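Subject: Structure handover

Hello,

The structure you asked for is below, with the sequence. My notes on what was found in it follow.

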Amino acid sequence: MKMVSILIDEGRCDVKLKRLLCMVLVCLLSMGVFCVPVEASDNINLQTGFIDVCATGRFSLDIPAGKIRAAKSSFPLEAGEVVTIKGAYSPFSASVDFGLIAPNGRFYYLNSKDGSLNGAIEVDERGQYTLAIRNNSAETINVSGYVNY
């Protein structure tokens, strides 16, 4: 016990904390690999609601069944920049896509089916991107979280 408290007092992380941080980083990296591009089709109505967040900040909103919500404004990104999205929603059983609408209109997203998402998307072209969240379920969901780039 004294050894652990001495290590913490000296500002060092213990082994369990290091392992936890490594696992979180691996999860973030692996989630970024599974980004799937999908064309934003004409039948998705982006004008029915907006996410009240610029580029970095907190969001909280309800999204009706089968709808997508996009941020009110877009933000500039350079090729290779990474956008981190952390979100939680209920009901947990819903399928939700968290992502970015690229300048070419494609929706790059990370899908979640367990009530939370902690992932990152690396953009491959320079331009204005818009945060968007799509509810793939048959019922309204409540979503909250943070976005950072």
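Serine 137 is buried, with a relative accessible area of 16%; buried here means under 20% relative accessible area, exposed over 50%, and partly exposed in between (1.4 Å probe, protein chains only). This is a predicted model, in which local features need pLDDT of at least 70 and side-chain atom pairs count only at pLDDT 80 or more, while totals for chains, interfaces and linings use all residues. Residues are numbered from 1 along each chain as its sequence is written, and side-chain values use heavy atoms, with hydrogens and water left out.

Serine 137 sits in the loop between β10 (127-135) and β11 (141-148). Helices (H or I, at least four residues) and strands (E, at least two) are DSSP runs, numbered from the N terminus. The side chains of serine 137 and asparagine 135 are joined by a polar contact of 2.6 Å. Such a contact is a pair of N or O atoms within 3.5 Å; within protein, one must be able to donate a hydrogen and the other to accept it, and residues adjacent in sequence count only if both atoms are side-chain atoms. Leaving aside residues up to four places away in sequence, serine 137 touches Ala65, Gly66, Ala94 and Ser95 (contact: heavy atoms within 4.5 Å).

On the overall make-up, the protein has two helices and eleven strands. Buried residues are 34% of its 149 residues. Among contacts with a separation of 6 or more, 71% are between residues 24 or more positions apart.

Four strands form an open sheet in the order β3-β11-β6-β9, with antiparallel pairing; two strands pair if DSSP finds at least two bridges between them. β3 and β9 stand at the edges with a single partner strand each, so one side of each has no neighbour in the sheet. Within the sheet, β6 and β11 are joined by seven bridges. Serine 90 stands opposite asparagine 142 in β11.

The largest nonpolar core has 25 residues, of which Phe59, Ile85, Phe98, Leu100 and Val143 touch the most other members. A nonpolar core is a set of buried Ala, Val, Leu, Ile, Met, Phe, Trp, Tyr and Cys residues joined through side-chain atoms within 4.5 Å. Elements giving two or more residues to this core include β3 (57-63), β6 (82-90), β9 (116-122) and β11. Another core, of six residues, lies apart from it, and Ile68, Ile101, Phe107 and Ala132 are among its members.

Regards
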